[in-house]
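Please find below my note on the model, written for a colleague who wants the conventions stated beside each value.

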Amino acid sequence: MIQSIGLKGIAVSILSKLPTWPPSLILVKVLNKALRQLIDDQSLSALSDKTIVIHVEDVGVKLYFTLSNSRFVPIIKPEQADLTISSTLSDFYRLAIRQEDPDTLFFNRRLLIEGNTELGLIAKNTIDSMEIPKSLLALSNLLKAIDALDNRSQNTKSTF
């Protein structure tokens, strides 16, 4: 009997096998769209040429990028990061769709910020002010629906 591994299991199996470049490229495209106004008005200038790492702990993926020439760009694994933000896939997902607040996750030790304190504060405030692209919201709604179907399917299987 085939057992459902769920959405997280699928994400882990795919993302853990990829090199860091494709997921980093996707992330910077979303960031460039979501943060265009903050990039344009120089609110994020302190991040220029700083190495930022997003570590998705439970998936084992690290995404590397920097702000250069008024846009976020992916980078190959650096020798050292200026800022590392770590959490689980589900907590990053909750941040993205605004189900969780970065302060709550931080104080509950579910969001770890390491490195330059000033950059960490800028990143946290940026997450708070981020305008979520409609395409990300649509993807979020699709993922929620798939996850709900998966949970409902698992619940009905366990009752037999």
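1. Conventions. This is a predicted model, in which local features need pLDDT of at least 70 and side-chain atom pairs count only at pLDDT 80 or more, while totals for chains, interfaces and linings use all residues. Residues are numbered from 1 along each chain as its sequence is written, and side-chain values use heavy atoms, with hydrogens and water left out.

2. Overall fold. The protein has 7 helices and 5 strands, where helices (H or I, at least four residues) and strands (E, at least two) are DSSP runs numbered from the N terminus. Along the sequence these elements follow the pattern α-α-α-β-β-β-β-α-α-β-α-α. Of the contacts (heavy atoms within 4.5 Å) with a separation of 6 or more, 71% are between residues 24 or more positions apart.

3. Surface and burial. Buried residues make up 32% of the 160 residues, buried being under 20% relative accessible area, exposed over 50%, and partly exposed in between (1.4 Å probe, protein chains only).

4. The sheet. The 5 strands form an open sheet with mixed pairing in the order β3-β2-β1-β4-β5, two strands being paired if DSSP finds at least two bridges between them. β3 (71-74) and β5 (112-115) are the edge strands, each pairing on one side only. Neighbouring strands are turned against each other by 25 degrees on average, direction ignored.

5. Strand pairs. β1 and β2 are antiparallel over 5 bridges, with His-55 standing opposite Lys-62 in β2; their hairpin has 4 residues between the strands, and Gly-60 in the turn has a positive phi of about 75 degrees. β2 is also joined to β3 by 4 bridges, again running antiparallel, and Phe-65 has Pro-74 in β3 as its bridge partner. The hairpin of β2 and β3 has 2 residues between the strands, and Asn-69 takes a positive phi near 50 degrees there. At the β4 and β5 pair, 4 bridges join antiparallel strands, and Leu-83 stands opposite Gly-115 in β5.

6. Helices on the sheet. α2 lies across β1, β2 and β3 and runs at about 175 degrees to β3, whereas α6 touches β4 and β5, its direction making about 50 degrees with that of β4. Axes here are lines fitted to C-alpha atoms, for helices over the stretch in contact, and angles run from 0 to 180 degrees between N-to-C directions. The buried residues of α2 are Pro-23, Ser-24, Val-28, Leu-31, Asn-32 and Ala-34.

7. β2 is itself mostly covered, with 6 of its 8 residues buried. Leaving aside its neighbours within four places in sequence, Leu-44 is in contact with Leu-35, Leu-38, Ile-39, Leu-67, Phe-72, Ile-122 and Thr-126.
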